[in-house]
Amino acid sequence: MSRYICIHGHFYQPPRENPWLEDVELEDSAFPYHDWNERVAAECYAPNTVSRILDGEGRIVRLPNNYASISFNFGPTLLAWMAAKAPEIYEAVLEADRLSRRRYSGHGSALAQAYNHIILPLACRRDKYTQILWGIRDFEFRFGRPPEGLWLPETAVDLETLEILAELGLRFTILAPHQAARVRPPGQESWHDVRGGNIDPTMAYRARLPSGRSLTLFFYDGPISRAVAFENLLSRGEDLAARLLSAFSDDRRWPQLVHIATDGETYGHHHHHGDMALAYALNHLEAQEGVSLTNYGEFLEHYPPAWEVEILENTSWSCSHGVERWWRDCGCTSGGHPGWHQAWRTPLREAFDWLRDTLAPRFEEAAGRLLHDPWAARNDYIRVILDRSPESVAGFLAAHARGELSPEDTRTVLKLMEMQRHALLMYTSCGWFFAELSGLETVQVLKYAGRVVQLAQELFGDELEEEFLTRLAAAQSNLPEHGDGRRLYEKFVRPAMVDLLKVGAHYAVSSLFEEYQPRDRIFCYTVAREDHRVSEVGKAKLALGRIEVTSEITWEALRVSYAVLHFGDHNLCGGVRPFRGEEAYGRLAWEITEAFSWADFPETIRRTDRHFGDSTYSLRSLFRDEQRKILDQVLALSLTEIWDLYSRVFTHQVPLMRFHRELGVPLPRPFQVTAELVLNYQLTRAFQEPRLDLENIRTLMAEARRLEVTLEGRRLEFAVRKALERLAMWLHQQPDDLESCQALLQAVRLLRELPFEVNLWRVQNLYYDLAVSLYPGWQRRALEGDPQAQVLTQLFLTLGRELGFSDAALEHLTAKGDP
């Protein structure tokens, strides 16, 4: 009988966007990357678009797109981030689905996912429907086709969820084996109990639903999936392939599907080089006689389910107690903190449910005055989330408004829809998954709830926040310094809240440090400059002006006046207020500028305070990324002085340090610290230079070895990687330049001397592009006697070997352009 293998990857990151800025802010814990999305993308999502298959000597023989061979889903919010911040990866994922359709009988390997990963059995039916519908619509927008299947967050399931999947035209979903209750063979009345994960996972099953509809369910192989995720099965691709093949049985008399499902981040982020193990296994399996790779859609077309199945409701793949992990202290946790409790989960969810249910009738009433069907409008609001252009909003309103809306009514509708969007985002599952209430993921969902509260207060005018905070106070943190949910909200959420005046403050302060265009963007806000004046007296600088700030999300607008005074370093103060007319603005500008022109700074500050009152701001008022950028500018001179001081000490004392090491005597701590600081700093700076001074770099590395200095591997690896990528880009942009090729070759050879591994993924990809597109032309010119082309082809092949390509791959690549 036929044998098939399917590997499913669930690729997902929780939405990390600041609810008021619609962008992910700097996350220091993701260093050396900007944020965790960027880091996981570099470690997992990107490598799987162009992975590596190595020969027995560890050299590259193929560069496959893993996504084209496996089944996969990406969270919609992650794809939205990727489209904006990592478009190359995004396009490669979409292309993989197109390739898989050609490979698997017209069935694409991509599946949809419920929109922002809420635990569907814990949601009301209305929210379930919106989540699933938004996931489908987002998928269609990106992949250009309807999805056949949908991934359930945490595979959490109940019958109502399956009913909605079937109602919306989906054909199948994937569950864990322990989520099956009983099965029935075709033509039989009796059922067989399979609880405890005893279902045979090698076939598809039909779930008959109370409505009369049905849905196909696939139950993945639990033991192999666990081994991939938690038992180091990805240490060798051969082991993964062998384990998958071992799951077939000659005793089965039906076409067998061996399939596994894990977090997609397993392949590269959780397990270093996991993408390469996957690539090797897929390549090995393709070569096996009698075994075919497939995806769920193709298998279902050829082998529709004959057996029936009934599920265990309110179960999931990552909580042994069902779905309790997302609402109570069931014992499931991320670990690492014995003695910690998760009793905070229940009052957190109860507070969110209260907020949702309190606002639902108010939403219906307010939206019902302007829209035909408020909840149908919410379902359709995904079109605006995907395209916030005026044309898209106009189309949405034309479909749902009772009549032509005034600008004020339009803003009201957008705010109502945004309130509902954030009321869905606040249920993102990761808020309850981990061990502690004050964790990043839980604070994030609290911020979404804070945005709901803010919009509700603007729309309805009453005070919801106090009652909400009273309920949050019942959620107790494990850390005394954080207290409870109320204190966390006051500590992390309320200070993060943004309004148009705060955007104006950010613009005012940052305008002292960067040049804005007359019409510019600050995250999801448009700022139109109406007046901007800068005055300088000595080192002091005054910026004064007025702007109009407009939200691209709710279309609210506010004209703002500002004045900001900078005395140097981090010493800065200023004020912002709504624009009060030309006369008031003229008086403000004249009085503050007059005092500043006299260099009477105390009087300038007094006049600023008199005009702006409590609406005063400083560097603390800046959004996180700009704050860090300006702080780096402010600190640059001070840091240069410090590094110069340490460098002088090092230069003066290095002979004595060397003498210590020659005698085998440990360096005194001040010497050790100085050497580590200086050599790591100088090496980092050397790799950041536009043109690498390899002799200087080798000298510094030799000194580090002599003094037994510990190099900062993560920071230096990133600097080296970026330097090589910069050289590779130069070669890519001027491929006929011998000097560029030689410079990259010499820099790559330097890697042999480094005490840490450098990620060459992007450099190898750029090399691959040149080999496919330009090498055949160089080779042709070389054969025709062009001396430069003859040198270039030899240099290029040598570079390929240094980058880890096998001779066979180079020969095949340069001949056909496809290793």
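Buried means under 20% relative accessible area, exposed over 50% and partly exposed in between, with a 1.4 Å probe and protein chains only. This is a predicted model, in which local features need pLDDT of at least 70, side-chain atom pairs count only at pLDDT 80 or more, and totals for chains, interfaces and linings use all residues. Residues are numbered from 1 along each chain as its sequence is written, and side-chain values use heavy atoms, with hydrogens and water left out.

Select Cys 319 to begin: this residue is buried, at a relative accessible area of 4%, and its sulfur lies 3.8 Å from the closest cysteine sulfur, in Cys 332, which is too far for a bond, a disulfide being a pair of cysteine sulfur atoms within 2.5 Å. Searching the whole structure gives zero disulfides; Cys 6 is likewise in none, with the nearest cysteine sulfur, that of Cys 44, 17 Å away. Cys 6 is buried, with a relative accessible area of 1%.

Next, select the strands β15 to β20, six strands that form an open antiparallel sheet in the order β15-β16-β17-β18-β19-β20; helices (H or I, at least four residues) and strands (E, at least two) are DSSP runs numbered from the N terminus, and two strands pair if DSSP finds at least two bridges between them. The edge strands, each pairing on one side only, are β15 (519-522) and β20 (616-617). Two bridges join β19 (residues 571-578) to the antiparallel β20, and Gly 574 has Tyr 617 in β20 as its bridge partner.
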